[in-house]
Amino acid sequence: MGRVTERRKVLRIRDGAVSTRPDTLVAEEPLEIRLNGKPLAITMRTPGDDFALAAGFLVSEGVLATASDLQNIVYCAGATVDGSNTYNVVDVKTAPDVTLPDFTLERNVYTSSSCGLCGKASLDAVRTTARWPIADTPPLRITPELLASLPDRLRAAQRVFDRTGGLHAAALFSEEGELLDTREDVGRHNAVDKLIGRALQNDALPLSRTILMVSGRASFELAQKAVMAGIPVLAAVSAPSSLAVDLAAETGLTLVGFLRGSSMNVYAGQDRIALREAAAQG
């Protein structure tokens with residue numbers, strides 16, 4: 001797994017029996033994202049898919065929208081005092097016509113594996129104008145049975161979680177339920193950024209006929225990332241936040257929470273759920 005996992009010695013206690021053994025842990029390291037040579041953000045992430053993570057982060061921030069907006073992404077050589085490359089600093093070079101954030105504000109966003117974006121001046125600053133309004137042409141309709149199948153399929157795709165038990169995952173599914181891509185990271189927002197960044201690199205945005213499935217809860221930030229990528233359906237195995245529900249209602253995002261087995265709560269965008277008529281009347 002390279003830098004994705006690390007080994008540490010632990011004291012193991014089981015039913016009163018004590019032993020020492022190595023344990024596999026998920027790696028967590030900082031990644032600094034620079035934009036055209038200027039520092040923009042630092043996130044704590046699991047190493048791997050760093051270029052996709054940076055690209056996806058910039059889609060969520062409203063900087064990038066198409067593959068042509070991105071010239072290249074490179075690791076920064078000489079990232080330490082001794083000139084060595086830590087592979088923890090990436091520089092994203094945009095096309096000349098891309099509008100850049102206002103560096104004069106010295107916002108230097110810090111993101112962590114637990115909270116996602118921090119340091120925004122206000123909620124209004126987070127509500128970035130979406131490039132692709134979530135509209136269904138033709139209408140997207142998903143059955144509860146299809147949604148119910150997604151958590152187990154996401155879990156089956158979590159290779160690193162099987163070894164560590166310490167990673168979040170995000171997956172993109174087609175409207176027919178085909179698994180399109182899956183990413184893991186110590187931060188759920190990073191896993192989503194990696195998915196969106198890969199889609200940008202493949203010139204596949206907007207993701208207007210897909211379902212985003214995430215482990216854990218559905219925060220405002222994850223809802224925002226879905227909206228910014230044009231994803232019409234966000235499903236989570238745990239609870240959404242009130243702000244995530246508000247954003248979903250405002251933008252037309254279908255938001256599903258507590259998706260466990262055949263049970264789920266639909267908090268917004270119920271029109272995309274294809275219910276049997278008898279059940280809908282009940």
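Reader: How many residues of strand 9 are buried?
Author: Six of the seven residues of strand 9 (residues 168-174) are buried, so the strand is mostly covered. Buried means under 20% relative accessible area, exposed means over 50%, and partly exposed lies in between, with a 1.4 Å probe and protein chains only. Strands (E, at least two residues) and helices (H or I, at least four) are DSSP runs, numbered from the N terminus.

Reader: What kind of model is this?
Author: This is a predicted model, in which local features need pLDDT of at least 70 and side-chain atom pairs count only at pLDDT 80 or more, while totals for chains, interfaces and linings use all residues. Residues are numbered from 1 along each chain as its sequence is written, and side-chain values use heavy atoms, leaving out hydrogens and water.

Reader: Which strands pair with strand 9?
Author: Strand 9 pairs with strand 10 in the antiparallel sense over six bridges, and with strand 11 (residues 210-214), also antiparallel, over five bridges. Two strands pair if DSSP finds at least two bridges between them. Leu172 has Asp181 of strand 10 as its bridge partner, and Ala170 has Val214 of strand 11.

Reader: And what lies between strand 9 and strand 10?
Author: Their hairpin has four residues between the strands, and Gly177 there takes a positive phi near 95 degrees.

Reader: Changing topic: is Asp185 buried or exposed?
Author: Asp185 is buried, with a relative accessible area of 0%. The residue is found in strand 10 (residues 179-185).

Reader: Which side chain does Asp185 join in a polar contact?
Author: The side chain of Asp185 is joined to that of Lys194 by a polar contact of 2.7 Å. Such a contact is a pair of N or O atoms within 3.5 Å; within protein, one must be able to donate a hydrogen and the other to accept it, and residues adjacent in sequence count only if both atoms are side-chain atoms.

Reader: Where is Lys194, then?
Author: Lys194 is one of the buried residues of helix 5. That helix (residues 188-201) has 14 residues, and 12 of the 14 are buried, so helix 5 is largely enclosed by the rest of the structure.

Reader: What follows helix 5?
Author: Asp203 follows, with a positive phi near 55 degrees.

Terms used
The expected span of a helix is 1.5 Å times one less than its number of residues.
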